[in-house]
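This briefing goes through one protein structure by topic. Look at the sequence and the 3D view before reading on.

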Amino acid sequence: PEHAVALDFSKQASEKDALLVMRLRHVALQAVDKVRRGMFVLSDYVSCLSAVPDQPSDAKPPSELDGSAKKTVAVTRECRDAVMWTLGEMCVACSHDDDPNPDTRQGTPNKLSQKLLRELGAIDLVMTMVDLPYKKGINLQWMGDSRFKDVRDIGKRAYALMRLCVLENESNALALYKHVNVIRSHLGMGLGCTSALKEIFADKRELLQKVKDDLIVQFVGLVRSVRDARFLDFLQTICRCKGQPYTANQSLVCKHLLVANADLLPIIRIDKSLGGEVRLGIHLPGTKEADTGKEFWIDVAKYSKVELRGERKQDLCAHIMEASWGQLDPQQRIVRYFIRCLELYS
């Protein structure tokens, strides 16, 4: 059966009004109601944060919290469980996948849920919520401090939702792109926003046209600071569109990474023993052995070892590419960095 929805949201934009007054099937009506209920929870958290006075903060966290920072932490602690659950439910609704974990969920997009998040204003609300704590006495540089774990957890879950929200959806990506400066300010702060930013551009030609030098320079700077393969993955993503090369961005990446910062790229060495055995070694400039101080080289061959992982056999190299960054040891991170560089070259 179909139902006529008659709700008075006079301040909604015309696109939202059209959604709210058109006739909907029962399943769509339920989806609208679910998103609305979730937005009420998020709006409540935003309202509580908005009541905290704005206050600038230093890069170094204080030993004792006071003022707006203390109030923000308290508000976030009180609202955390409800906000995390709500964001998690939105993540699950936004995609079709067997993985129940909203932070690692992939799958295919749920187009109806994505559409509702955009047309009901959830994208703008979530991005307001993500950025607001950093105007209320808390500094982004503090996210490694355990006292701000609740703020960090909400930010990471929110970006997981935004990633799923724009997956294969150019309209949503354009809506989220309005907040690109906020997202860029959060890069490298442990909020997991790189994946969301990557999905904004992935296979979306209109968005890829918006890539400029300053974005490439920022990512090259992030690579230099932490040698994180996830930043290389972003650069690889913006160099192609639907399986075809996107030459304008390829040129930008070559200019700012391969030419201007070639010292960030791994070095390859092929060794041949007297017995004719050939070994491939890789070295990431700047890495050294802890005990001797000599250049640190990795023998790639040892990562071809096949092991039983769960219910399937998998070589170590494949595991390194599939595991989360936090699950990898320093050597495994170098291997993944090396492979991402090879993929970027191609």
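Which residue in β9 does Gly281 stand opposite? Gly281 stands opposite Asp299. The model is predicted, so local features need pLDDT of at least 70 and side-chain atom pairs count only at pLDDT 80 or more, while totals for chains, interfaces and linings use all residues. Residues are numbered from 1 along each chain as its sequence is written, and side-chain values use heavy atoms, with hydrogens and water left out. Helices (H or I, at least four residues) and strands (E, at least two) are DSSP runs, numbered from the N terminus.

**The sheet**

- An open sheet is formed by three strands in the order β7-β8-β9, with antiparallel pairing; two strands pair if DSSP finds at least two bridges between them.
- The edge strands, β7 (267-272) and β9 (298-299), each pair on one side only.
- β7 and β8 (residues 278-283) run antiparallel and are joined by six bridges.
- Ile267 has His283 in β8 as its bridge partner.
- The hairpin of β7 and β8 has five residues between the strands, and Gly276 in this hairpin takes a positive phi near 90 degrees.
- β8 and β9 also run antiparallel, joined by two bridges.
- In a regular strand, side chains alternate between the two faces of the sheet.

**Helix packing**

- Helix α12 (residues 229-237) and helix α15 (residues 330-345) have axes that come within 9 Å and cross at roughly 10 degrees. Axes are lines fitted to C-alpha atoms, for helices over the stretch in contact, and angles run from 0 to 180 degrees between N-to-C directions.
- α12 and α15 are therefore roughly parallel to each other. Angles under 35 degrees count as roughly parallel, over 145 as roughly antiparallel, 65 to 115 as roughly perpendicular and the rest as oblique.
- On the α12 side, the residues that meet α15 are Ala229, Leu232, Asp233, Leu235 and Gln236. Their counterparts in α15 are Arg336, Tyr337, Arg340, Cys341, Glu343 and Leu344. Contact means heavy atoms within 4.5 Å.
- The contact of α12 with α15 has six nonpolar, one polar and four charged residues. Here Ala, Val, Leu, Ile, Met, Phe, Trp, Tyr, Cys and Pro count as nonpolar, Asp, Glu, Lys and Arg as charged, and the others, Gly among them, as polar.
- α6 and helix α7 (residues 170-177) pack at an angle of about 140 degrees, and their axes are 7 Å apart. That makes α6 oblique to α7.
- Met162, Cys165 and Val166 of α6 make this contact with Asn172, Ala173 and Leu176 of α7.
- By class, the contact of α6 with α7 has five nonpolar residues, one polar and no charged.

**The cavity**

- There is one cavity of 30 Å³ or more. On a 1 Å grid over the protein atoms alone, a cavity is a set of points where a 1.4 Å probe fits but cannot get out, and a pocket is an open set with protein on both sides within 12 Å along at least five of seven lines; lining residues have an atom within 4 Å of a point.
- The largest cavity has a volume of about 40 Å³. Grid points are joined across faces, edges and corners, and a volume is the space filled by probe spheres set on the points.
- Its lining includes Tyr45, Met129, Pro133 and Ile154.
- α5 (122-131) and α6 (149-166) each supply at least two lining residues, and α6 gives the most, with three.
- The lining of the largest cavity has seven nonpolar residues, one polar and no charged.

- The volume of the largest pocket is about 1200 Å³.
- It is lined by 40 residues, of which Asp103, Gly192, Ser195, Arg230 and Ser324 are the closest to its centre.
- The lining of the largest pocket takes two or more residues from each of α6, α9 (193-201), α12, α14 (316-322) and α15.
- This lining divides into 15 nonpolar, 12 polar and 13 charged residues.
- The second largest pocket holds about 300 Å³ of space.
- Among its 19 lining residues, Ala31, Lys34, Val35, Glu89 and Ala93 are the closest to its centre.
- For the second largest pocket, α2 (26-50) gives the largest share of the lining, eight residues.
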